[in-house]
Amino acid sequence: MNSYEACCVFRVEDDKFAVGRDTVRAALQTLGFEGLKEEDMQVKSLAYPIKKFYQGHYYLFDFQMDPAKAHEIEKEVRLIPELLRILVTRKDD
């Protein structure tokens with residue numbers, strides 16, 4: 001099991017953010033994560049517009065997962081309309 005971080009950028013509206021966060025959390029559950037920690041990084045301005053949005057709600061998931069399944073995270077969440085971007089990185093121990 002390796003440690004990973006998934007930094008997500010959601011739409012700013014509260015209802016869209018909540019739906020997107022819960023959908024990404026459910027996708028992680030289907031892939032079999034362990035030890036999920038979450039951190040709300042609040043609304044921030046984007047460096048460049050994404051889908052005509054200039055601000056995004058940043059949210060960080062910190063978890064452990066099998067490396068073979070970790071590569072499937074982006075495939076599972078790429079069609080979520082509330083999610084603007086996701087970056088999954090492996091943490092060094």
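1. Strands here are DSSP runs of E with at least two residues and helices are runs of H or I with at least four, both numbered from the N terminus; two strands pair if DSSP finds at least two bridges between them.

2. The model is predicted, so that local features need pLDDT of at least 70 and side-chain atom pairs count only at pLDDT 80 or more, whereas totals for chains, interfaces and linings use all residues. Residues are numbered from 1 along each chain as its sequence is written, and side-chain values use heavy atoms, with hydrogens and water left out.

3. The protein has 3 helices and 4 strands, arranged along the sequence in the pattern β-α-β-β-α-α-β. The 4 strands form an open sheet in the order S2-S3-S1-S4, with antiparallel pairing; its edge strands, each pairing on one side only, are S2 (34-50) and S4 (83-90). Neighbouring strands of this sheet are turned by 20° against each other on average, direction ignored. Helix H1 (residues 14-31) packs on the sheet, where H1 touches S1 (2-10), S2, S3 and S4, and the direction of H1 makes about 25° with that of S3. For such angles, axes are lines fitted to C-alpha atoms, for helices over the stretch in contact, and values run from 0 to 180 degrees between N-to-C directions; contact means heavy atoms within 4.5 Å.

4. Strand S3 (residues 53-65) pairs with S2 in the antiparallel sense over 9 bridges, and within S3 the bridge partner of Asp40 is Tyr59. S1 and S3 also run antiparallel, joined by 9 bridges, and here Ser3 has Gln64 of S3 as its bridge partner.

5. Ser45 lies in strand S2 and counts as exposed because its relative accessibility is 55%, where exposed means over 50%, buried under 20% and partly exposed in between (1.4 Å probe, protein chains only). Not counting residues up to four places away in sequence, Ser45 touches Tyr54 and Gln55; the C-alpha atoms of Ser45 and Gln55, 10 residues apart along the chain, are separated by 4.3 Å.

6. Ile86, leaving aside its neighbours within four places in sequence, is in contact with Ala6, Cys7, Cys8, Ile73, Glu74 and Val77.

7. On overall dimensions, the radius of gyration of 13 Å agrees with the value near 12 Å that a compact globule of 93 residues would have; this radius is taken over C-alpha atoms, and the globule rule is 2.2 Å times the number of residues to the power 0.38. The C-alpha trace spans about 35 × 25 × 20 Å along its principal axes. Buried residues make up 35% of the 93 residues, and among contacts between residues at least 6 apart in sequence, 73% join residues at least 24 apart.
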